[in-house]
Every structure is written in structure tokens, then in C-alpha cells.
Amino acid sequence: MTSFRAARVLAGLALLAPLMALLAQGPAQATTRTVTVGDDFFTPKTLKVVVGDSVKWSFEGTHTSTSTQGFWNSGTKNAGQSYTRPFADAGTYPYYCTIHGMMMSGSIQVPVKASGSASSGWTLRWSSRTGTSSVRYDVQYKRVGSSTWTSWRTGTASRSATFNPSGAHSYYVHARTHVGSHTSSWSPSITVKVT
Ligand SMILES: [Cu+2]
């Protein structure tokens, strides 16, 4: 009788284990997204990833993946080789192949990440970095229907903040990143509804 009960408890725990493991992971895990480098094109040409994801360029010929803004340079890669780098920070990152020029170009888009809800409030995160770094960020918002952006954070080292502007509206939010003398383009906008 006792051992039967114990077995049932153990079976229950065994069922719980994967669930607890899932909860311990927290929010979505960073993933690696692939760009295929053909002759002479990047596919997909524009790739939108989540803050913290990595991008892997998989080469099918002799090319480079080179940031137009100076953030990275794979150097010359040949068929069968790859180059991977993380995208920790929000922004838009155009790149090209130095061998074939701007005819062979692409773009990585990293939007700001919003978590929460319209009623409970939003936490906006524009970088997955932890610890100290010299990376700085600008964040702007714009009411849907308005034509002008408002600077919300300028040159901040913070990577996230609570977004609670006065007024129940929908807002566009975008961010860009400064690493040393290199500045990304503005990220694609996300829409955040505040009630
Ligand atoms: Cu090329």
C-alpha cells in the first residue's frame, strides 16, 4: 500500500520535472538563425531576429559578411564555411559582401522586445547584455498617428525600462545602438498599446 502510494508520488514528480525545467529556463531561449550566402545573394535578404539571437551565415561560395556600419566582418569565407555572431542589441544592421559590393547586400533587424500587457504595463528591452559594457542606446517612441518621434532614452547604458507614458494610446517604439564609434540604424518599430 505504502509503496504503491510512493510510486504514485514519484510518477507525479516525474511528470512535473519537465515542466519545472521549462519554467526554470524563463522567457524564450536565444536561437540561431541562418542566412544562406549564395552567388551572389543573401537569403533571406532581410532577417528579423529577437534581441539576443545569433545569426549564422552559411557560405555556398566565396564571399564575406561585412557590416556596412563597422560592427563585424567575417573576412573571406569559402563554400562550406560559416560565420556566426550574436545580435544582443536592438537596431537595424545593413551588411554586404566586400568582394561583390553593394550589389550583394542584406540586413539584420533587431526590434525592441516588449513583455507585459496593456493593462499591467510594459517592460521594454532593447539589449540582452548583462554585466558592464560600454555599449549605449537611444530609444524613441511616437504615438500612432503622430509624425514626430520623442526621445525617451539618449545614450543610456540601461538595457530595459518600464514604459508607461501618460495617455491611453498605441505607441511605436524603436531603438538604436552605439558600440564605440559605430552606430546602428533605427530598429524596426514595434507597437505598444497603453491603456
Ligand atoms: Cu560576394
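A charge sits over a ring if NZ of Lys or CZ of Arg is within 6 Å of the ring centre and within 35 degrees of the ring normal. By that rule, the charged end of arginine 153 sits over the ring of tryptophan 152, 4.3 Å from its centre. The charged end of arginine 85 takes the corresponding place over phenylalanine 87, at 4.7 Å from the ring centre.

This is a predicted model, in which local features need pLDDT of at least 70, side-chain atom pairs count only at pLDDT 80 or more, and totals for chains, interfaces and linings use all residues. Residues are numbered from 1 along each chain as its sequence is written, and side-chain values use heavy atoms, with hydrogens and water left out.

## Copper site

The copper ion is coordinated by His63 (ND1), Cys97 (SG), His100 (ND1) and Met104 (SD), at 2.0 to 2.6 Å. Donors here are N, O and S atoms within 2.8 Å of the metal (3.2 Å for Na, K and Ca); water is not among the atoms, so sites may look incomplete. Along the chain, the donors follow the spacing H-x33-C-x2-H-x3-M. Histidine 63 lies in the loop between strand 4 and strand 5 (66–67), while cysteine 97 is in strand 7, 34 residues apart. Strands (E, at least two residues) and helices (H or I, at least four) are DSSP runs, numbered from the N terminus.

What arrangement do the four donor atoms around the copper ion make? It is tetrahedral, because the donor atoms subtend angles of 89 to 133 degrees. Four donors count as tetrahedral if all angles lie between 85 and 135 degrees; four count as square planar and six as octahedral if opposite donors are over 155 degrees apart and all others between 65 and 115; anything else is irregular. Ideal angles at a metal are 109.5 degrees for four tetrahedral donors.

Histidine 63 is buried at 0% relative accessibility. Cysteine 97 is buried too, at 0%. Buried means under 20% relative accessible area, exposed over 50%, partly exposed in between (1.4 Å probe, protein chains only).

## Salt bridges

The structure holds two salt bridges. The term covers a side-chain nitrogen of Lys or Arg within 4 Å of a carboxyl oxygen of Asp or Glu.

| Arginine | Aspartate | Closest N to O |
|---|---|---|
| Arginine 176 | Aspartate 138 | 2.8 Å |

Arginine 176 in strand 14 (residues 170–179) and aspartate 138 in strand 11 are distant parts of the chain, 38 residues apart. Arginine 176 is partly exposed at 26% relative accessibility; aspartate 138 is buried at 7%.

Arginine 129 sits in the loop between strand 10 (121–125) and strand 11 (136–143), and aspartate 89 in the loop between strand 6 (82–86) and strand 7 (91–97), 40 residues apart. Arginine 129 is partly exposed, with a relative accessible area of 29%. Aspartate 89 is buried at 4%.

## Aromatic rings

The count comes to 15 aromatic pairs. Rings of Phe, Tyr and Trp (its six-membered ring) pair if their centres lie within 6.5 Å; planes under 30 degrees apart count as stacked, over 60 as edge-to-face and the rest as tilted.

Tryptophan 57 and tyrosine 83 have ring centres 6.1 Å apart and planes at 35 degrees, so this pair is tilted. Tryptophan 57 belongs to strand 4 (residues 54–59) and tyrosine 83 to strand 6, 26 residues apart. Tryptophan 57 is buried at 0% relative accessibility. Tyrosine 83 is buried at 18%.

Tryptophan 57 also pairs with tyrosine 95: the centres are 5.2 Å apart and the planes at 80 degrees, so the pair is edge-to-face. It ties strand 4 to strand 7, across 38 residues in sequence. Both residues, tryptophan 57 and tyrosine 95, are buried.

Ring pairs link Phe42, Trp57, Phe71, Trp72, Tyr83, Phe87, Tyr93 and Tyr95 into a cluster.

Serine 54 is in strand 4 and is buried at 17% relative accessibility. Not counting residues up to four places away in sequence, serine 54 touches Thr31, Thr32, Arg33, Thr84, Arg85, Pro86 and Phe87. Contact means heavy atoms within 4.5 Å.

Most peptide bonds are trans. The bond from aspartate 39 to aspartate 40 is cis, with omega near -5 degrees. Aspartate 40 is in the loop between strand 1 (32–38) and strand 2 (41–43). The bond from threonine 43 to proline 44 is cis, with omega near -5 degrees. Proline 44 is in the loop between strand 2 and strand 3 (46–48).
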